[in-house]
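Subject: A structure for you to look at

Hi there,

Here is the structure I promised to pass on.

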Amino acid sequence: MSTMNISLPEPLKRFVDEQVASRGYGTSSEYVRELIRKDQDRQRLRTLLLAGASSPEREPVDGAYFEALRGRVRR
């Protein structure tokens, strides 16, 4: 694992320390890694949403669609 040092103003450092203490993180590194993972997930979701919004329209999704999907999964 690589190491990265960051500089924070005192108010941000206090905030990170509070989050570590109150939310059960072992270290500030664990907290920052989780924030980065969540941001990666948010960016992936945004990419998928934008791709979906720009895709061609399809037929409406209704109860029959989901029932057919369940049937495919069961097989």
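Let me start with a term: a patch is made of residues with over 30% relative accessible area and no salt bridge, and nonpolar side chains are joined into one when they lie within 5 Å. Please also keep in mind that this is a predicted model.

**The nonpolar patch**

Which residues form a nonpolar patch on the surface? They are M4, I6, L8 and L12, and together they have about 430 Å² of accessible area. M4 sits in the segment before α1. Is M4 buried or exposed? M4 counts as exposed because its relative accessibility is 72%, and the cut-off for exposed is over 50%.

**The largest pocket**

M4 and I6 turn up again here: along with S28, S29 and V32, they lie nearest the centre of the largest pocket. In total, 14 residues line this pocket, and its volume is about 480 Å³. Helices α1 (10-23) and α2 each supply at least two residues of the lining, with the largest share, 5 residues, coming from α2. By type, the lining divides into 7 nonpolar, 4 polar and 3 charged residues.

**Salt bridges in α2**

The count for the model comes to 7 salt bridges. One of them joins the side chains of K38 and E34, at 2.9 Å from N to O. Both residues lie in helix α2, 4 residues apart, which is about one turn of the helix. K38 is partly exposed at 46% relative accessibility, and E34 is partly exposed too, with a relative accessible area of 25%.

Another salt bridge links D39 and R42, at 2.8 Å from N to O. This pair is also in α2, 3 residues apart, again about one turn. With a relative accessible area of 31%, D39 is partly exposed, and R42, at 47%, is partly exposed as well. R42 belongs to a helix that covers residues 28-54.

In helix α3 (residues 63-74), E67 and R70 are 3 residues apart, about one turn of the helix. How far apart are the closest N and O atoms of their salt bridge? The distance is 3.2 Å. E67 is partly exposed at 43%, and R70 is partly exposed at 42%. Salt bridges that share partners join E67, R70 and R74 into one network.

Enjoy exploring!

Best wishes

Terms used. Residues are numbered from 1 along each chain as its sequence is written. This is a predicted model: local features need pLDDT of at least 70, side-chain atom pairs count only at pLDDT 80 or more; totals for chains, interfaces and linings use all residues. Side-chain values use heavy atoms; hydrogens and water are left out. On a 1 Å grid over the protein atoms alone, a cavity is a set of points where a 1.4 Å probe fits but cannot get out, and a pocket is an open set with protein on both sides within 12 Å along at least five of seven lines; lining residues have an atom within 4 Å of a point. Grid points are joined across faces, edges and corners, and a volume is the space filled by probe spheres set on the points. Ala, Val, Leu, Ile, Met, Phe, Trp, Tyr, Cys and Pro count as nonpolar, Asp, Glu, Lys and Arg as charged, and the others, Gly among them, as polar. Patches are made of residues with over 30% relative accessible area and no salt bridge: like charges are joined within 9 Å, nonpolar side chains (Val, Leu, Ile, Met, Phe, Trp, Tyr) within 5 Å. Accessible areas come from the Shrake-Rupley method with a 1.4 Å probe; for residues, only the protein chains shown count as cover. A salt bridge is a side-chain nitrogen of Lys or Arg within 4 Å of a carboxyl oxygen of Asp or Glu. Buried means under 20% relative accessible area, exposed over 50%, partly exposed in between (1.4 Å probe, protein chains only).
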